[in-house]
Amino acid sequence: MLKSIEKIIGKRVIVRCTNAGVFYGTLSEKEGQEVMLTDCRRIWYWEGAASLHQLAAEGVTNPEDCKFTMRITSINLLEVIEIIPCTDRAITSIEAVEEWKR
């Protein structure tokens, strides 16, 4: 495991997968392209950030227009291609987005 990954185990991150989309949660494990997130949500659609990098750094400016799913306890994600640590500012913003349900 890369030493930089070890530093973010237990931290809030945004994860992008090849086919499964984008997720937000606490990084609990990583092995190869597989990660385990806990206390997590799928980021279905966001407004107020131009990219995932901006979302992880600044959060969103239009939380009422975002579609972040309900929280789940954990998820095992395969084919992870990007893990972006979130700043405190972004965490506050993302956590404030209402759950999107149908």
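Q: How many helices and strands are there in the chain?
A: You'll find three helices and six strands. Helices are DSSP runs of H or I with at least four residues, strands are runs of E with at least two, and both are numbered from the N terminus. Along the sequence they come in the pattern α-β-β-β-α-β-β-β-α. One thing to keep in mind is that this model is predicted: local features need pLDDT of at least 70, side-chain atom pairs count only at pLDDT 80 or more, and totals for chains, interfaces and linings use all residues. Residues are numbered from 1 along each chain as its sequence is written, and side-chain values use heavy atoms, leaving out hydrogens and water.

Q: Why is Cys17 called buried?
A: Buried means under 20% relative accessible area, exposed means over 50%, and partly exposed is in between (1.4 Å probe, protein chains only). Cys17 has 4% relative accessibility, so it counts as buried. Cys40 has a relative accessible area of 1%, so it is buried as well. Of the 102 residues of the chain, 37% count as buried.

Q: What makes a group of residues a nonpolar core, and which have the most contacts inside the largest one?
A: The members must be buried Ala, Val, Leu, Ile, Met, Phe, Trp, Tyr or Cys residues, joined through side-chain atoms within 4.5 Å. The largest such core has 16 residues, and Ile14, Leu55, Phe68, Cys86 and Ile94 have the most contacts inside it. Strand S2 (21-31), helix H2 (52-58) and helix H3 (88-96) each supply at least two of its residues. H2 gives the most, with three residues. Apart from this core lies another, of 14 residues, including Cys17, Leu27, Val35 and Ile83.

Q: Why is Glu82 called buried, and which side chains does it make polar contacts with?
A: Glu82 has a relative accessible area of 18%, so it counts as buried. It is found in strand S6 (residues 80-85). A polar contact is a pair of N or O atoms within 3.5 Å; within protein, one must be able to donate a hydrogen and the other to accept it, and residues adjacent in sequence count only if both atoms are side-chain atoms. The side chain of Glu82 has such a contact with that of Arg16 at 2.8 Å, and another with the side chain of His53 at 2.9 Å.

Q: How do you know that Asp39 and Arg12 form a salt bridge?
A: A salt bridge needs a side-chain nitrogen of Lys or Arg within 4 Å of a carboxyl oxygen of Asp or Glu. The side chains of Asp39 and Arg12 meet with N to O at 3.6 Å, and that makes a salt bridge. This pair links distant parts of the chain, with Asp39 in strand S3 (residues 34-45) and Arg12 in strand S1 (residues 12-17), 27 residues apart. A search of the whole structure finds six salt bridges.

Q: Where does Arg71 lie, and what does its pairing with Asp39 tie together?
A: The closest N and O atoms of Arg71 and Asp39 are 3.7 Å apart, and the two form a salt bridge. Arg71 lies in the loop between strand S4 (67-68) and strand S5 (72-77), and Asp39 in strand S3, so the pair ties together parts 32 residues apart in sequence.

Q: Why is Lys101 called exposed but Glu99 partly exposed?
A: Lys101 has 54% relative accessibility, so it counts as exposed. Glu99 has a relative accessible area of 37%, so it is partly exposed. These two form a salt bridge, with the closest N and O atoms 3.7 Å apart.
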